[in-house]
Amino acid sequence: MKTFDYRRASSVSDAIDAAVQTGGAYLAGGTNLVDLMKYGVAQPPALIDLGRLGLTSVTATEAGGVYIEAGVTNSALANHTLIRTRYPVLSQAILSGATVQIRNMATAGGNLLQRTRCPYFMDTDFVQCNKRAPGSGCAALNGFNREHAVLGAAQGCVATNPSDMAVALTILDAVVHVAGPGGARRIPIGEFFRLPGATPEIDNALEPAELIVGVELPPSPYPAKSWYLKVRDRHSYAFALVSVAVGVVLSDGVIASAAMALGGVAPKPWRLVESEAALVGKAPGPRAFRAAARAAMSGAQPLSQNAFKIDLARQAVIRALTLAAGAAG
C-alpha cells in the first residue's frame, strides 16, 4: 500500500478543507476504499477520517419523508423503524447485500460511492481497464464478461454498478445532499450516477472534494406493495447478476402507478420508465407483468457470455411484480 497522509476531520467544513488541501479521499466505513488501497487500485495521497462528524441520524422530514445522514451504517438504516415501515424496499435491498459484519461498518454515503467489482478493475495485473487507467482499453470486452452490463454500457467500459441500496433509492426518487468548496447541492438520484461514455473513470456527479452529507427520501406511495429481488450465484455475500426493485399502487383493481429499477445489468441503477408506463391502467397479473418485463430489456446488448441476463432480468421483473402486488396492504 502506498504511503499516505491521515487527517481526522472535526467538522464537515474541516473535512472539505482537508480534501482541497491534500487531494485526499474521504474515509467513513472503509469497506471498499481500504480494499482498493490494499490492491493498489486506489492510491489517494491522504485519507480524511469522517468518524468524528456524527452524521448518524435518520429523521422524519416536515414533508413526510425521511432524511438519512451519510454516516448511518447500513445495518442501522435497514433496521430503523422509519425505513422498515415507510420504505421496506430499501430495507430489503440493504439486507440482501454483503455480510452482517460489513453492513455494521459500511455507511449510506459510502454505499453510493463504492466502485465496480469488475475483476479487470480490481486486479492491477490486468493492464487494460479504462475505469482504472483511462485509455488503456477494456479487457472485459473479449475476456470474462459473464457478470457485466447488457444495458447502458460503452465500448470503453462494460462494468456494472454493485450497489443494492442504490437500486431501491432509484425507485424512491431519493435526493443526494452534498457539500463542497462551492457550497451545498442537491442531486436527484437519477442524475447522481454516470454512464461510462467517453469518461468511464468517472462514476458519479460529484465534483472534486465534494462530500455526501445525506440522502433525502420524499414520501413514498409504495410502502404497502413493494419488493426487492436479488438473483445471484450464491445466497449470501455475492453481488447481483440481476436485481430489481419495484413498487406499485393499486386502485379499483388496476395499477395506478409503478416504479421499477434494475441492478446488476448496467453501469448505474437502471430505471425502467417504459415498463412503468406499460403497467399503468392494467390489472395486476401475468399478462401485464410479462409486458413490463419485455419492455425492461428493450435495447439490451449482451456480450459473449452474459446473454442469459436478458431472460433472467425479465423473469426477475415478473417475480418481483408478483410479490409486490400480492404484498399485504
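Let's start at Arg194. Leaving aside neighbours within four places in sequence, Arg194 is in contact with Thr199, Ile202, Asp203, Asn204, Ala205 and Pro267. Contact here means heavy atoms within 4.5 Å.

A word on the source. This is a predicted model, where local features need pLDDT of at least 70, side-chain atom pairs count only at pLDDT 80 or more, and totals for chains, interfaces and linings use all residues. Residues are numbered from 1 along each chain as its sequence is written, and side-chain values use heavy atoms, with hydrogens and water left out.

Back to Arg194. Where is Arg194 found? In the loop between α10 (189-192) and β8 (211-217). Helices (H or I, at least four residues) and strands (E, at least two) are DSSP runs, numbered from the N terminus. Arg194 counts as partly exposed because its relative accessibility is 35%. The cut-offs: buried is under 20% relative accessible area, exposed is over 50%, and partly exposed is in between, with a 1.4 Å probe and protein chains only.

One of its contacts is polar. The side chain of Arg194 makes a polar contact with the side chain of Thr199, at 3.0 Å. That term means a pair of N or O atoms within 3.5 Å; within protein, one must be able to donate a hydrogen and the other to accept it, and residues adjacent in sequence count only if both atoms are side-chain atoms.

Next, strand β6, residues 175-180. How many of its six residues are buried? Six of six. Both faces are covered. Val175, His177 and Ala179 are on one side. Val176, Val178 and Gly180 are on the other.

Now the partners of β6. Strands pair if DSSP finds at least two bridges between them. Six bridges join β6 to β7, residues 183-188, and the two run antiparallel. They form a hairpin with two residues between them. Val178 stands opposite Arg185 in β7. Five bridges join β6 to β8, also antiparallel. There, Ala179 has Leu211 as its bridge partner.

Last stop: helix α12, residues 286-296. Its buried residues are Ala288, Phe289, Ala292, Ala293 and Ala296. They lie on the same side of α12 because they cover an arc of only 135° around the axis. The arc is that of the directions from the helix axis to the C-beta atoms. What is exposed on the other side? Pro286, Arg287 and Arg294. And the buried residues of α12 pack against β11 (254-263), α11 (273-279) and α13 (308-325).
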